[in-house]
Amino acid sequence: MMAPAQTLPDNIDLKKYGTNLTTDELIQFIKYLNAYNHKDSSGLDSNSSDECEDYCRGDFYQGLRVYNGLHGYVALVICLFGTIANLLNIMVLTKKDMAKAPINKILKWLAVADMFVMIEYIPFASSQYIYMKPGEKDFSYAWAIYILFHMHFTQVLHTISIGLTVTLAVWRYVAIRHPHGACASFLLSHCNECILFSFVISPIVCFPTLLVFKVSERVKDNRVLYYVQADKNSNLYRINFWIHSVIIKLLPCCILTIISFVLVKVLCEASKRKQKLKEYSNPNKSGQLQHLQKHASRIPKCDRRTDRTTMLLVAVLILFLLTEFPQGILGLMSGIMEKCFFEVCYQVFGEMMDLLALINAAVDFVLYGLMSKQFRTTFKSLFFKRRLGSIELTRVTRLTTTCV
């Protein structure tokens with residue numbers, strides 16, 4: 001729809017105001033002023049809305065908009081459960097028998113990062129989706145500052161989780177493929193440094209976001225409105241999306257996909273070896289020899305623990321990939337299609353991406369409990385105070401048995 005033509009009243013004489021402006025120049029100024037006044041809080045004006053009206057349509061998109069109305073309540077439940085679950089993870093993984101394994105140290109700090117993400121998300125979800133009515137927005141300066149903090153805090157901690165997950169996968173790969181090599185010895189002696197590296201490098205990688213988004217203000221109906229905005233036409237804005245999508249999301253996902261494939265292949269090879277050992281029997285042999293073969297075909301307990309640990313870590317990695325790949329693809333599309341996709345599509349998908357990230361951070365406790373006998377045993381001894389009698393907690397070596 002074309003905007004109505006701008007005209008000036010006939011009785012206005014610009015010369016008596018001592019100005020050199022022409023009538024056309026004043027009309028052009030009024031057009032710019034009207035365009036500025038009609039911008040909404042996100043900075044998307046009416047012309048931009050017309051330009052982006054063909055983006056993100058369909059039943060799935062409408063379904064996401066319906067879910068967004070329930071997101072606050074769902075996220076709040078997940079965050080409360082996840083905070084408690086990760087706290088239990090930290091308590092179990094800090095126990096003396098568990099803390100010996102280097103991978104358990106990585107899992108412990110991964111639980112710390114995930115727990116703080118959910119603790120911070122609780123007040124955000126409560127205010128944004130529950131306390132505020134649908135369609136209501138808070139333009140106070142305090143809320144704008146909190147939104148800016150929320151963006152940077154969650155991104156840095158989530159990047160730390162990504163770094164620790166990659167470290168976890170690389171560690172397990174080295175432990176299986178080269179258990180006695182120089183790389184394994186290096187990782188073994190620098191476990192704490194590897195963990196610290198994720199905490200140091202993540203704020204550096206996320207630093208461009210701090211420069212892109214800032215608190216802006218404008219006056220509307222004699223009120224000063226504050227909101228978080230970015231210059232969507234700047235090169236730094238585009239570079240930030242490429243860093244976020246490619247370096248922080250897609251690159252780790254590619255690394256984890258390769259490592260997960262290798263770990264699954266190792267599990268399949270181990271399963272085939274077990275099957276061959278079971279089938280290795282000769283009925284023509286004497287009973288004594290068959291008895292020896294039967295015992296020889298049993299898989300050592302250490303190998304069984306190694307397989308269970310590898311299976312557990314594969315489950316953690318696959319869950320991580322299901323969460324991070326969609327976010328990386330959305331970020332990449334935002335970098336390619338620029339402001340229209342981000343304004344219309346990305347923000348609607350944002351709640352669903354938050355949900356996937358929260359689920360990923362909350363269910364590790366369930367995975368550990370289902371797949372790790374040592375975790376269950378330590379949990380029972382810690383919280384139920386049962387006498388274990390002759391049952392002895394699994395002894396772990398410093399590298400190869402990385403049970404959790």
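Ground rules. Because the model is predicted, local features need pLDDT of at least 70 and side-chain atom pairs pLDDT 80 or more, while totals for chains, interfaces and linings use all residues. Residues count from 1 along each chain as its sequence is written, and side-chain values use heavy atoms, without hydrogens or water.

Start with the record. The unreviewed UniProt entry annotates "transmembrane region" at residues 70-94, 106-131, 143-174, 194-213, 241-268, 311-332 and 352-371. Positions are in the numbering used here, feature names are shortened, and such annotations may be inferred rather than shown by experiment. Take two of these spans. Residues 70-94 are 92% helix and 0% strand, with end C-alpha atoms 36 Å apart. Residues 352-371 are 95% helix and 0% strand, and there the ends are 28 Å apart. Helices here are DSSP runs of H or I, at least four residues, and strands are runs of E, at least two, numbered from the N terminus.

Now a helix pair. Two packed helices are described by the angle and the distance between their axes. H7 is residues 141-177 and H9 is residues 191-205; their axes come within 8 Å and cross at roughly 145°. Axes are lines fitted to C-alpha atoms, for helices over the stretch in contact, with angles from 0 to 180 degrees between N-to-C directions. Who makes the contact (heavy atoms within 4.5 Å)? From H7, the residues are Val156, Thr159, Ile160, Gly163, Leu164, Thr167 and Trp171. From H9, they are Cys191, Cys194, Ile195, Ser198, Phe199, Ser202 and Pro203.

Next, cysteines. A disulfide is a pair of cysteine sulfur atoms within 2.5 Å. The count is zero. Cys194 is in no disulfide; its nearest cysteine sulfur, in Cys191, is 6.6 Å away. Cys194 is buried at 17% relative accessible area. Buried means under 20%, exposed over 50%, partly exposed in between, with a 1.4 Å probe and protein chains only. Cys79 is buried too, at 0%.

Leu330 sits in helix H13, residues 301-337. Its relative accessible area is 9%. Beyond neighbours within four places in sequence, Leu330 contacts Phe341, Tyr346, Phe349 and Met353. Phe341 is eleven residues from Leu330 in sequence and 9.0 Å away, C-alpha to C-alpha.

Asn240 lies in helix H11, residues 235-279. How accessible is Asn240? Its value is 7%, so Asn240 counts as buried.

Conventions:
Contact means heavy atoms within 4.5 Å.
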